[in-house]
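Grab a pencil and work through these exercises with the model open beside you. Each task comes with a solution that goes step by step.

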Amino acid sequence: MAQWSMGNGSTVRRARGFTTRQHGNLRTWSVVLLLVVGCKGRRSEPDVAQGWTPSRGDIVMGVPSSAVTSSIQAQLTTRPATIPAGRWKNMQQLYATYGNVPLWLEEDGFNQARSKALLRAVVDAGTDALNLDAYPLEELVTTVGAVRNTKQATASQLASADVLLTSVYVALAEDLLIGQVDPKSIEQDWHIAVGHESIDSAVVRSLRDPLLDSAIARMRPRDPEYDELRRSLVTFRGIVAAGGWGLVPAGKALKPRQTDTPRRLAALRERLRIEGFGSSPSVAGSTAGANAYDVGLAGLVADFQARHGIAVDSMLGAETVASLNVTAQYRLAQIAVNLERYRWMPRSFAGRYIIVNVPAFRLEAHDSTGVLDMKVIVGEEFDGKTTPVFADSMETVVFRPFWNITPDIQAQETAPKIAADSKYMESNDLEYFKDGGETRIRQKPGPKNSLGLVKFMFPNKFNIYLHDTPDGALFEKDVRAFSHGCIRLEKPDELAQWALGWEPARVDSAMQQGGDNQSTRLSKKIPVYIVYATAYERDGQLYFGNDLYSRDADLVKAVSSSISPTAGALQSLDALRKLVQE
């Protein structure tokens, strides 16, 4: 997914490694991320049209290659119940591309570089919050180990090992490319197509790459923010492994400079410190000013609020305490959930595109010159007003638009107000109009119009669009969910300049003095993505957005097995590491 972070411009990210020590059932997790330099966005694909091809020798570990090929072909005729039909088809196509010869074996045994590259990728899959129990880890260890240790392999044994490695390769590719959870299987209101159709070509292209580790890594969402979330995943695994954090006791709401019990404030300081807000343990546990909710501590609470989707007021109120007391395990799960949402997104974007992250209340417009970002107001969380996740293409900018009130809003909201106040229509610039024989209500263009002075149309079945608003004061609020589902813009004039390529004066004239309901078609459509990311990176820091529509809980359950691998999976991972190191 591109730019969930809602950050600014170009960045330089330096390679960093994070490691957590073994604790209980958790083993060491580590990830070393490549240096990412330049504009935020998708990294280009290398040309691997001419690359690796499988060995065409006559012998594999003393067995005629033709016998191994025949055994592979025979095994591919019957799909194991543990392998989904779509994956099996991709495996068959992959082998057919190379005439069913072994893909991981050569004359003396396994192609060491490529088989180890695959095993390393499986070992590292936990850093993507993938469910390791979805892979046949124990069978991998047994099968690969048996072939390595045998003095006289059989054609069937070699074919089984090769097919197993291929099944793991395809499974890992699918999971990195489109995720492990189908968004349609749980309630996510997700209407962006997941890229199933590109899997087969990506699997073939990546296998053809001489540097298989790099090719597998490129299957991940290729944004710096995805890698940053992976780092945060490792960091939070460390927090969970160390015992997480304790509860902040319930109590009175506190304003800066008020006092409370030393026990409660010490718990607050320690809770903030563990997540990275505040000082070292020795300072956090100091008794100096132990009963004072001082300006410094209130400032840390304000920082916490800003990064957890809470209105920033520096007060220790009920909402803030509730957020502080969300467990570290659940926050870890939210990071995993949003890594999965990243994998649901398209992997290629046009040169210019717009992305709105609903929980962050932010819009970004991307092109080769940089990023235009602004605050937005999104749909309320009840009565069908939520903003769905979908993608479409902006086609038209409309200056000084009418607001054609939808039949539902007209019946449920506008009509009762008209009935209660005879002057309501006049005072709000409303008028009746005919629409296919039906009497509808619309609001005239002008300063009172709920759409403001410009709207941006990208036709879609949800009747969602971007627009100006006469109520600019709402952008001062930190939590901005007030609309009927459409998205109100903080800087509509700047977005019009960006979309149309017009000078500011021309846009201002069209908004202030131009004709009513004037449409201007874009010379080229602009993709628009409305997304829902509740954990994202911005300016090098992790943010937990407001889960406005309570969409995280079901997905947390669906990915729960990826958070803490089973003891069996961890044991097999250790064995795989040893195989890689041999």
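**Exercise 1.** Work out how helix α4 packs against helix α5.

Step 1: find the helices. In this predicted model, α4 covers residues 137–149 and α5 covers residues 155–178; helices (H or I, at least four residues) and strands (E, at least two) are DSSP runs, numbered from the N terminus.

Step 2: get the geometry. The axes of α4 and α5 come within 10 Å and cross at roughly 140°. Axes here are lines fitted to C-alpha atoms, for helices over the stretch in contact, and angles run from 0 to 180 degrees between N-to-C directions.

Step 3: name the angle. That makes α4 oblique to α5, since angles under 35 degrees count as roughly parallel, over 145 as roughly antiparallel, 65 to 115 as roughly perpendicular and the rest as oblique.

Step 4: α4 passes α5 in a left-handed crossing (left-handed if the near helix is turned anticlockwise from the far one by less than a right angle, right-handed if clockwise).

Step 5: list who touches. From α4 you have Glu139, Leu140, Thr143, Val144, Ala146 and Val147, and from α5 Gln157, Leu158, Ala161, Leu164, Leu165 and Val168; contact means heavy atoms within 4.5 Å. Sorted by class, this contact has nine nonpolar, two polar and one charged residues (Ala, Val, Leu, Ile, Met, Phe, Trp, Tyr, Cys and Pro count as nonpolar, Asp, Glu, Lys and Arg as charged, and the others, Gly among them, as polar).

A quick word on the ground rules: residues are numbered from 1 along each chain as its sequence is written, and side-chain values use heavy atoms, with hydrogens and water left out. Because the model is predicted, local features need pLDDT of at least 70 and side-chain atom pairs count only at pLDDT 80 or more, while totals for chains, interfaces and linings use all residues.

**Exercise 2.** Classify the packing of α3 on α19.

Step 1: α3 (residues 112–124) and α19 (residues 567–581) have axes 9 Å apart, at an angle of about 150°. The two are therefore roughly antiparallel to each other.

Step 2: their crossing is left-handed.

Step 3: α3 brings Lys116, Leu119, Arg120, Val122 and Val123, while α19 brings Leu573, Leu576, Arg577, Leu579, Val580 and Gln581. That contact has seven nonpolar, one polar and three charged residues.

**Exercise 3.** In what order do the strands of the open sheet with β15, β16 and β17 lie?

Step 1: the order is β15-β17-β16, with antiparallel pairing (two strands pair if DSSP finds at least two bridges between them). The edge strands, each pairing on one side only, are β15 (403–404) and β16 (430–435).

Step 2: six bridges join β16 to β17 (residues 438–443). Leu430 stands opposite Gln443 in β17.

**Exercise 4.** Describe the hairpin of β23 and β24.

Step 1: β23 (residues 535–538) and β24 (residues 541–544) pair in the antiparallel sense over four bridges. Arg538 stands opposite Gln541 in β24.

Step 2: two residues sit between the strands, and Asp539 in the turn has a positive phi of about 50°.
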